[in-house]
Amino acid sequence: MNAVAKAARVAFMGFDVDGVLTDGTLYYSARGDEMKGFQARDGHGIRMLADAGVQIAIITGRESDIVTQRARNLGISLVLQGIDDKRAAMENLLARLGLGFEQAGYMGDDVVDLPLLRACGFSATVADGHPLLLDRVDHVSPFNGGHGAVREVCEYLLAAQNKLDPALARYLA
């Protein structure tokens, strides 16, 4: 099955944070406060995908209050942080939702994401993802993490499901 056909089946999409929703740089203040930068267009892509009926989750290995705030801002209620085994976490989440891996997608950027990426029906990475991912996923965004890659994948999924034009129509009227 080709990548577009796999993307057409996605009812649930998960995203990593560091290196996907951000550029992977971790900033710390002198007091130890952590800071991250998020691309606004990526956030709008997630909202368009959710508005089109795709359930959204964040599944990340690190824990951060900033991620909780960003998820709240985007209306994402499924936020799993501090996860060592992302594949098992996704399996539990999908079981709770009555979905299978074939209906799930995930976007990650590093080797720790490989077990989950390989299990999902659709997998994606960023242009600057770890080299081992680049030929092992269904789709490689032409954009780097934190620089529009998430938006591009959201629009890719919407296009595969014939939902991109309706999602953009209200802006073009």
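Let's start with strands β1 and β6: β1, residues 12–15, runs parallel to β6, and four bridges join them. Two strands count as paired if DSSP finds at least two bridges between them. Helices (H or I, at least four residues) and strands (E, at least two) are DSSP runs, numbered from the N terminus.

A quick word on the model: it is predicted, so local features need pLDDT of at least 70 and side-chain atom pairs count only at pLDDT 80 or more, while totals for chains, interfaces and linings use all residues. Residues are numbered from 1 along each chain as its sequence is written, and side-chain values use heavy atoms, leaving out hydrogens and water.

Back to β6. Gly14 stands opposite Tyr106 there. Strand β7, residues 122–125, is also parallel to β6, with three bridges joining them, and Gly105 stands opposite Phe122. Between β6 and β7 the chain passes through helix α6, residues 114–119, in a right-handed β-α-β crossover: with the strands pointing away from you, the path from the first strand over the helix to the second runs clockwise.

Is β6 buried or exposed on its two faces? In a regular strand, side chains alternate between the two faces of the sheet. Here Ala104 and Tyr106 on one side, and Gly105 and Met107 on the other, are all buried (under 20% relative accessible area, 1.4 Å probe, protein chains only).

Finally, the largest nonpolar core has 32 residues; a core is a set of buried Ala, Val, Leu, Ile, Met, Phe, Trp, Tyr and Cys residues joined through side-chain atoms within 4.5 Å. Helix α8, residues 149–160, gives this core its largest share, eight residues.

Note on methods
Buried means under 20% relative accessible area, exposed over 50%, partly exposed in between (1.4 Å probe, protein chains only).
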